[in-house]
Amino acid sequence: MLSSTNLSFTYPGGEVLKFPDLVCPAGETRLLLGKSGSGKTTMLQLLAGLRKPATGSVVINGQNLNELSGAELDYFRGQNVGMIFQTAHFIRALSVRENLAIAQQLAGKPIDRPRIDGLLEELDLGGKGNALPGKLSVGQQQRAAIARAIINQPAVIFADEPTSALDDDNTRQVIQLLQRQAEAVKATLLIVTHDNRLTGIIPQQTKL
Amino acid sequence: MNLLRLSWKNLTFKPLNALLSVLLFALSIGLISLLLSLREQADEQFDNNLAGIDLVVGAKGSPLELTLNSMYHVGYATGNIKLGQVKAFFNPKHPIVEDVVPLSVGDSYRGYRIVGTIPKILDWYGAELAEGGLWQHDFEVVVGEEVARVNGLTLGSKFKSNHGIIDEGDENNIEHDDDFTVVGILAPSGTVMDQLVLTTNQTYWHSHETHNGDDADHENHDHAGHDHTHDHAPTPLTEEDPEQEITSLLVRYRNASSFQALNFPRNLNENTELLAANPAYEISEVRRQFDSGQRILGILVLAITVVSALSIFIALFTSLRERRYELALMRTMGAGRKKLFFLIVMEGLMVAVIGYVLGILLSHAIMALLAANVQDDFRYTVSATRFLTEEVWLFAAALFIGFLAAVIPAVQAARTDIADTLTHS
């Protein structure tokens, strides 16, 4: 469950951007569309609590993000928010499996080995658990990033241009996986994109 | 997967960078520990061997040489002095001199020096017999703990001396004919006594007499006397022929701070054929030389320490630039700023701890090597297994340097702005 009301953001240069209100029930997949420079990424960062809005508020799972201090917000994010970026980033010194384990740990949860292995298997990464992320292909990396985003069964998954670096086949595969996994954990999935390949698949859309 | 392990994995992700940082750190810790240990042990040996001696009297020459030769048994004697010249010092009513110990030096046994003297020297140096008795007669010797241990000497062992100061294994040595007999072995005292062979002053006269004419008679007479006077104390030096020679005299004053005592060495040096050296002054000169050498080494060590701290700093700083995404990522996964700070600081501290352990091992390994080489040349005992309290402080300093080198990168890591970092990907 994710909602925002009256959100606006003031850039360091003084430019003010207003964003449309958003209400996404649990389990919904929604696209956030807009041209480059329309503030899509900024809105995603506001929704994920990575930036502070000038006005308005974001509520995730009943919690107003404005009411959380810095450290509380970090912790809340670890437990309730999963994030996927255009390029997948990992802790480079840790194996894929250890990356998933530390995601559980940083969120304050116990390490759940069967879940990690099951998830890797599901995402067709069964043999890659002990590999360093840098050794994976781009498609594999993006799948591993999906695994990490959903490992803690978050309330909301934010994906920032998750398919822009992928070819058609990988795009279809990644979106299907994302949707399936989001449904499995009953998470709201919000995808920020300007990728036309997605607009045909996902009907719920918000334009900036 | 706790943070400590993550720090470790990050550190070893670039093993060569980590190795360089650790080695530099080990080098700097090792050198500091080495300098501290050598200095501590040198000071201790200087102090142990001062033995309350206020003055050394010998033949004209270099006062430093006289001091080193008579008190530390290093180097060569300035010459000999006649008993007659110093008879007054033995007078128990002497206004300045409270007590004296005469020394005769010049011969050796397998690199260990043979010193003709009187048993009072043991009291002065605080040395005690471990077994056997004191040397009473000529050619009886009491050997230091090290001398006995290294050469396998036991009570009743006999050996011949070498003329001059000769190291073991030298083929061109001249052996004296007479056998020395070990009558006592000293307990270890941590002083130069551990490394000496002690006998009577008179023994030197016998072993250096030519075997002809009057001297032969003299010798026979003495040997006869020797046989018959087993239970008697040997002749005091004051009753010997004033023409006989000894090497030097160790002197204790009645009152070292009295006006007369302060002027005593200058009076001797100006008005007699004797050389009087103040050991405290001479040793402080040696220390001054030592200190200036140490200061230069100290600057070198400081430079290495700065470079090693810089190397940790630079390694962390560059790896941080490469890792800023993963730090931002950790924030999105729920890691607070404190955790990121801790993560980076731990990397610096790990380098410091490993470097410290390696450095201490290094310095003590070097000391073990030194111990083997330095001992014979300088009568300077180095112990590799002694650890100083300073080395505990050094550990604290190591942690501090590790922290200092890591703190700026760590603060930067903690300040990572998630949004900015991840947007500019």
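Q: Let me start with one residue: is A:N64 buried or exposed, and what is its relative accessible area?
A: A:N64 is buried, because its relative accessible area is 19% and the cut-off for buried is under 20%. Keep in mind as we go that this is a predicted model.

Q: Where does A:N64 sit, and what does it touch?
A: Start with the element, then look for neighbours. A:N64 belongs to strand β6 of chain A, which covers residues 63-64. Leaving aside residues up to four places away in sequence, A:N64 touches A:S57, A:V58 and A:V59. The A:N64 side chain also reaches the backbone nitrogen of A:N66, at 2.9 Å.

Q: Can we read A:T42 in the same way, and which helix is it in?
A: A:T42 lies in helix α1 of chain A. Its relative accessibility is 10%, so A:T42 counts as buried. With residues up to four places away in sequence left out, A:T42 touches A:F9, A:Y11 and A:F19.

Q: How many residues does the largest nonpolar core have, and which have the most contacts inside it?
A: For a core, look at its number of residues and then at the residues with the most contacts. The largest nonpolar core here has 106 residues. Those with the most contacts inside it are A:L2, A:L47, A:I60, A:I157, A:F158, A:L178 and B:M330. Helix α12 of chain B, residues 337-378, gives the largest share of this core, with eleven residues.

Q: What does A:F158 touch?
A: Not counting residues up to four places away in sequence, the residues that A:F158 touches include A:L2, A:L44, A:L47, A:V81, A:M83 and A:L190. A second, separate core has 36 residues, with B:V86, B:V100, B:F180 and B:W205 among them.

Q: How many helices and strands does chain B have?
A: Chain B comes to 14 helices and twelve strands. Of the 425 residues in chain B, 48% are buried. To read the fold through its contacts, take those in chain B with a separation of 6 or more: 80% of them are between residues 24 or more positions apart.

Q: How do I read the contact between the chains, and how many residues does each chain give?
A: Begin with the residues and the area. The contact takes 26 residues from chain A and 29 residues from chain B. Chain A and chain B bury about 2500 Å² between them, and 62% of this is on carbon and sulfur atoms.
Then turn to the pairs. Between chain A and chain B there are five salt bridges. In one of the salt bridges, A:E98 pairs with B:R5, with the closest N and O atoms 3.4 Å apart. Seven residue pairs are in polar contact across the interface of chain A and chain B.
On the side of chain A that touches chain B, α1 (40-47), α2 (70-80) and α3 (96-106) of chain A each supply at least two residues. The most, five residues, come from α3(A). That side of chain A divides into 14 nonpolar, six polar and six charged residues.

Q: What other salt bridges can I look at, and how many are there over all chains?
A: The whole structure has 22 salt bridges over all chains. A:E28 and A:R30 meet through their side chains at 3.2 Å, N to O, and both A:E28 and A:R30 are buried.
A:D168 and A:R197 form a salt bridge at 2.6 Å, N to O. This pair links distant parts of the chain, with A:D168 in helix α6 and A:R197 in helix α7 of chain A, 29 residues apart. A:D168 counts as partly exposed because its relative accessibility is 46%, and A:R197 is partly exposed too, at 31%.

Q: Which residues are linked in a network of salt bridges?
A: Such a network links B:R39, B:D43, B:R287 and B:D291.

Note on methods. Residues numbered from 1 in each chain as written. Chains lettered and ligands numbered in written order. Predicted model: local features only at pLDDT ≥ 70, side-chain atom pairs only at ≥ 80, totals over all residues. Heavy atoms only, no water. Contact = heavy atoms within 4.5 Å. Buried area = accessible area lost by both parts, 1.4 Å probe. Salt bridge = Lys/Arg side-chain N within 4 Å of Asp/Glu carboxyl O. Polar contact = N/O pair within 3.5 Å; in protein donor to acceptor, adjacent residues only side chain to side chain. Helix = DSSP H or I, 4+ residues; strand = E, 2+ residues; numbered from the N terminus. Nonpolar A, V, L, I, M, F, W, Y, C, P; charged D, E, K, R; others polar. Core = buried A, V, L, I, M, F, W, Y, C linked by side-chain atoms within 4.5 Å. Buried < 20%, exposed > 50% of the residue type's maximum accessible area, 1.4 Å probe, protein only.
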